[in-house]
Amino acid sequence: MIEAVGLTKRYGDKTAVYNLSFQVRPGSVTGFLGPNGSGKSTTMRMILGLDNPSAGQVTIGGYSYRKLPNAPRQVGALLDAKAVHGGRHARNHLLCLAQLSGIPARRVDEVLGVVGLQDVAKKRSKGFSLGMGQRLGIAAALLGDPQVLLFDEPVNGLDPEGILWVRNLMKSLAAEGRTVFVSSHLMSEMAVTADHLIVIGRGQLLADMSVRDFISHNSADFARVRTPGTDPAQREKLTAALTEAGGQVLPEQDGALRVTGLPLPRISDLAHDADVRLWELSPHQASLEEAYMRMTQGAVDYRSTTDQRAGLQQQLPPGAVPPQMPVPGQGQPGWYAPPPPQQGGQPFAMPQGQPPAGPYGAPGVPGAGEPNPYAQPAQPAPAQSAPAQPAPVQPSAAPAQPSAAPDLTKPEDAR
Amino acid sequence: MSTPQPQTHQQAAPAPNWQSAPGTSYTSPIPVTRTHLGHALTSEWTKIKSVRSTMWTLGVFLLLVVGIGLLVAAQTNDNDYADVPYTIPAFFGLILGQICLITLGVLVVSSEYGTGMIRTTFTASPQRHRVLTAKLLIFFVVAFVVSALAIGFVGLVTSGMHGGASDNEWGGTVLKGALYVSLLGVLALAVGSMLRHSAGAITAMLGLVLVPAILPAFLMMSESLRTVGDKMMDYNAPNALAKIFEIDSENGGGTSQLVLLIGVTAAAIAGAYVLLERRDV
């Protein structure tokens, strides 16, 4: 079991990890999530005694790592696939690690077989691909048959077969009663691998809960309701009925309605009572990725911006605004996460200059005071018939993010 | 030992929302042994012999010491050895060859920092001082054995070529010469451990060896710095080797120079240990 109490790490002025307390229990895979630069690797290094915490402590089975009598026999770690001397061949690399903790050489051949590197055992690791490097790192972690395993981005660079293998490996390790602590950016992978999640942002704990709790706490499940497209009156009738019954209704681009706050049978009953036919009534379960994006969007340090390619273009005459051609999906509210259902779905401050997104169905009528970013008075040249999306097609653009900055930003993890 | 009791369990559990009881812990069927320096020594021996830089630096060292030594031996005649030991041809090779040992000494530790291997090593052995101790011992033994063999070989061949010219004892020069260059390498290892950067540490060591050999020429120009220049002249690395091989035998066989190097090396090792335990990897 890994236990951190008040773990803090400062590098000069910058606080990388602040007052982090959590426990990682045996018998399950615990995912460790956070945006780039949020302190995941620093935390991992402190667990492994590579970095000394500025305050607080972290113990493994009650011992601080550097006090463990034979660390590799109790803790196996993959920190960085490139943390090998490239001039040494794979078997010697593992052999010198094995000898360091009194593990017999035959165990080296064993783990080489486990990770599937037996054919390149005598090849220098300089020539290894990223995936092979990851396998070598996993082999090193498994070498001591340890009780606690830490993996930092283990599936980086692995092929689909390797990803499946790592997923099953971690599950089986946890099923044997080991503690498995794994960080990853691949949400889809975490969703199927991890049982429990620890999420940090800007060095602080954001969440420590099971995957299912995490998703339901940080996203809204909603129902998509579609009325016959030929009759907008029916849609308005249903909207009124649902709102009256306490539901929150948000129109979607294609004419469907996004309903929260009402169970599906109740929506059906209301529609029946209002004498409205339904073409679609479907539940929408948020994914881990959506929940994660929602939770961490305020804690993202490194954000990508849209490439304006201004440096490559001719200088525009002063005063002219370059036409914006938004990529569909990018920067559009609702593209990754529905707004939180309740107050408190936003446990930390949003980035400066951007007030918290109002609760679902807030009376943010499109264009109410805030200009739609895409509706800027661009002066399109006559030849500019590129697929610039006309503003009116985006009725849902404004409500969720009333004052989105005109430069289209998106979390860099949204890939 | 494999399943240490979680002592801190009673402390206020900060993690909320644990949905289930903790699973049963896994215990490896293989018994866990307590590790000691012997393990680190075998590991470092595997490391030093499994990289090419070791073979290259030691190969070049042997080539320089033996090659230049035999050339010098062939160019000299019996009378040249009347007052000096038969190992003196090795001296000229060692002047260049010591740079190879310095390079190897730095690389033994800084290559781990350069590649990131050090994080793997210190994860596998959080007792960092043990790793550094093993590195120092293994490197010193390798450097000493190789340089003693090289000097001894040159001495043997020279005494065979120019035999009977003198009965100077030359066994001591083999040991002292090998000790001096090996200690330079150990010093380089300690400097490499402190600087953690190959090029930086090698440059620093070259400066340490070469600057005291060059600087006295300038210091002598000033009257007030003359004593400093004299000391530097006496104790710089090439001159120390010259004294060990009794090229100018007026004041001692280089023992005081050897003692100074031992002192400097010990200080550097102490600094390396302190920084090693304190710094983040």
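**Exercise 1.** How much of residues 86-109 of chain B is helix, how much is strand, and how far apart are the end C-alpha atoms?

*Solution.* The model is predicted: local features need pLDDT of at least 70, side-chain atom pairs count only at pLDDT 80 or more, and totals for chains, interfaces and linings use all residues. Residues are numbered from 1 along each chain as its sequence is written, and chains are lettered from A and ligands numbered from 1 in the order in which they are written.

Step 1. Helices (H or I, at least four residues) and strands (E, at least two) are DSSP runs, numbered from the N terminus.

Step 2. Residues 86-109 of chain B are 92% helix and 0% strand, with 35 Å between the end C-alpha atoms.

Step 3. The unreviewed UniProt entry lists this span as a "transmembrane region" of chain B, along with others including 202-221. Such annotations may be inferred rather than shown by experiment, and their positions are given in the numbering used here. Residues 202-221 of chain B are 85% helix and 0% strand, with end C-alpha atoms 30 Å apart.

**Exercise 2.** Describe how helices α3 and α4 of chain B pack.

*Solution.* Step 1. Two packed helices are described by the angle between their axes and the distance between the axes. Axes are lines fitted to C-alpha atoms, for helices over the stretch in contact, and angles run from 0 to 180 degrees between N-to-C directions.

Step 2. For α3 (88-115) and α4 (117-124) of chain B the angle is about 105° and the axes are 5 Å apart. The two helices are therefore roughly perpendicular (a class that covers 65 to 115 degrees).

Step 3. Glu112(B), Tyr113(B) and Thr115(B) of α3(B) meet Met117(B), Ile118(B) and Thr121(B) of α4(B); contact requires C-beta atoms, placed from the backbone, within 7 Å. These residues divide into 3 nonpolar, 2 polar and 1 charged. Ala, Val, Leu, Ile, Met, Phe, Trp, Tyr, Cys and Pro count as nonpolar, Asp, Glu, Lys and Arg as charged, and the others, Gly among them, as polar.

**Exercise 3.** In what order do the strands of the open sheet in chain A lie?

*Solution.* Step 1. The order is β2-β1-β4 of chain A, with antiparallel pairing (strands pair if DSSP finds at least two bridges between them).

Step 2. β2 (14-24) and β4 (55-60) of chain A are the edge strands.

Step 3. Between β1 (2-11) and β2 of chain A there are 7 bridges. Arg10(A) is opposite Thr15(A) in β2(A).

**Exercise 4.** Which element gives the most residues to the side of chain A that touches chain B?

*Solution.* Step 1. The contact involves 56 residues of chain A and 51 of chain B.

Step 2. α3(A) gives the most, with 6 residues.

Methods
Parallel < 35°, antiparallel > 145°, perpendicular 65-115°, else oblique. Contact = placed C-beta atoms within 7 Å.
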